[in-house]
Every structure is written in structure tokens, then in C-alpha cells.
Amino acid sequence: MYKVFVNDIPIILSTNKDIGNNYSSFPIKTVKLKQIIKRINEGELLYVNLYHDNEEKLLKHLMKKLKVVTAAGGMVYNDQKEILFIYRNKRWDLPKGKVEDGESLEESAIREVMEETGVRDLEIVRFLRKTYHVFKRKDKYRLKVTHWYEMYSPYTGDLIPEHAEGIKKAKWKNFAKSQKALTKSYSNIKLLFPKEYLTTHPEDRIA
């Protein structure tokens, strides 16, 4: 099963035609995907399931319908176990960006994190997962596939948000502040975090 986000609404890709009474199900091979996306954006559809009996063909059919943009990014920890966030478009996000020609995914992830936040001395710890979301550019829908890596940096210098990319802030956040930031983040970003980060912190409830 895969989740492909349109804004914060997930389109489910599965091998099951029936995944619940709330869901409208369509065969992914023949569905008119752009119409589905439009209906989601207009608030007409909230629960969508695209199915195929062969799991390996789910993404293949999706990528035939939408042009793919490959991106890479990082969830960066420091020595205080804080996580590096960026603030853009009134949401807290993690640094990421498009993979350039000739770059490996790992090289792209490190470059983008450095450019968007000013952090240095990055080391990739492990691959986390891929996320999928739909966006619109020049009146055409695109599928962004982002490859996420856990990273470490001992950097203690100033962070420099990349204003040219619309980034207003770059901040290290501890566990409690990360939880709070995730309440103003994106659903695909939340997929990267352990469940305990998605539970409201007791101090936040008191406040």
C-alpha cells in the first residue's frame, strides 16, 4: 500500500478494491486521475482508493499518468537530539529539494539541506523512506517522489534560511517543540516521525 498526498488528503494505492465504506475506489489503470485530483482539491472527495491486483504495478501506472519529479531531503539530528526544521508557506517542514543531473540521491539530500538551512558537517545515518505528493506547476500536475535520509551534524553555528526559496526560518527543535511543529506541518512529513512525536505533549495540553 502507498499513500500519495494531494495537499493533506491521501490517495491510497492498494491491491484491494474495498478498503472501507468511506472510500471511493477506482481501478488505477483506467482512472482519470486529473479529474480525481481536481475533485479532491474542490473538497468533493476525501477518501480515495486506487487499486490494482498486482502491487508492483500500482506505482508504474501512477507514474504513467503524472510526470515525476525526484527529490531528496533530510531529517537532521544534532548532539542534543534536536531536529532541524524549516518554516515556509506558514508550515513547518523538513529541508528537501529536486535532485540535479549527475547527483546521487545522497549527494542531493546533503546539498539541499545545506542550502536551505546553512547547516554544515552533515553525515547520512540511514535511508528512512520515500514520500509521494502531487503538486501543480505551470497548470500541470506533477508527482514528487522524495527520498528521505536520517542525518547527523555536530554543527553549532548560525542557521541561515534560504530566503530565495521562501524559507523564513531554520530552527533546531527538541522533542516537545518538534511535536508542536508537527501540528503545523504536512501529512507526508508526519510519516517520517515515530508515533510518540505525533502525540500531543502534556505541557502543550496544559498550555
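Predicted model: local features only at pLDDT ≥ 70, side-chain atom pairs only at ≥ 80, totals over all residues.
Which strand gives the most to the lining of the largest pocket?

## The largest pocket

Strand 9 gives the most to the lining of the largest pocket, contributing 5 residues. The space in this pocket amounts to about 690 Å³. Its lining is made up of 27 residues, and those closest to the centre are Asn89, Lys96, His133, Phe135 and Lys144. Two or more lining residues come from each of several elements, including strand 1 (2-6), helix 1 (33-41), helix 3 (105-117), strand 9 (123-137) and strand 10 (140-152).

## Two domains

The chain is divided into domain 1, residues 2-65, and domain 2, residues 74-128 together with 138-204. Between the C-alpha centres of domain 1 and domain 2 there is a distance of 27 Å. Where the domains are in contact, 9 residues of domain 1 and 9 residues of domain 2 take part.

In soluble globular proteins, nonpolar side chains tend to be buried together. The largest nonpolar core in this model has 22 residues, and the members that touch the most others are Val4, Ile11, Leu13, Leu50, Leu62, Val134 and Leu143. At least two residues of this core are supplied by each of strand 1, strand 2 (9-14), helix 1, strand 4 (48-51), helix 2 (56-65), strand 9 and strand 10. Helix 1 provides the largest share, with 4 residues. Because domain 1 and domain 2 both give residues to this core, it lies between them.

Leaving out residues up to four places away in sequence, leucine 50 touches Ile11, Ile12, Leu13, Ser14, Phe26, Ile28, Val31, Leu33 and Leu58. Another core lies apart from the largest one; this core has 14 residues, including Leu84, Val99, Tyr155 and Leu159.

## A buried serine

Is serine 153 buried or exposed? Serine 153 has a relative accessible area of 0%, so it is buried. Its place is in the loop between strand 10 and strand 11 (167-173).

Which residues are in contact with serine 153, leaving aside its neighbours within four places in sequence? They are Val76, Tyr77, Asn78, Asp79, Val119, Arg120, Asp121 and Leu122. For one of these contacts, aspartate 121, the separation from serine 153 is 32 residues in sequence and 5.6 Å in space, C-alpha to C-alpha.

## Lysines in loops

Lysine 90 lies in the loop between strand 6 (83-88) and strand 7. Although lysine 90 is not a glycine, its phi is positive, at about 65°. Its relative accessibility is 71%, and therefore lysine 90 counts as exposed. Lysine 138, in the loop between strand 9 and strand 10, also has a positive phi, near 55°, in a residue other than glycine. Lysine 138 counts as exposed because its relative accessibility is 75%.

A further lysine, lysine 81, is placed in the loop between strand 5 (67-77) and strand 6. With a relative accessibility of 62%, lysine 81 counts as exposed. Lysine 81 and methionine 151 are 70 residues apart in sequence, and their C-alpha atoms are 11 Å apart in space.

## Two partly exposed residues

Glutamate 123 lies in strand 9. The relative accessible area of glutamate 123 is 47%, so this residue is partly exposed. Not counting residues up to four places away in sequence, glutamate 123 touches Glu150, Met151 and Tyr152. Lysine 57 is 66 residues from glutamate 123 along the chain, and 34 Å separates their C-alpha atoms.

Phenylalanine 175 is found in helix 4, which covers residues 175-182. This phenylalanine counts as partly exposed, because its relative accessibility is 32%. Phenylalanine 175 and isoleucine 36 are 139 residues apart along the chain, and their C-alpha atoms are separated by 37 Å.

How values were computed
Residues numbered from 1 in each chain as written. Heavy atoms only, no water. 1 Å grid on protein atoms, 1.4 Å probe; cavity = no way out; pocket = protein on both sides within 12 Å on 5 of 7 lines; lining within 4 Å. Points joined across faces, edges and corners; volume = space filled by probe spheres on them. Core = buried A, V, L, I, M, F, W, Y, C linked by side-chain atoms within 4.5 Å. Buried < 20%, exposed > 50% of the residue type's maximum accessible area, 1.4 Å probe, protein only. Domains from an automatic or database assignment. Contact = heavy atoms within 4.5 Å.
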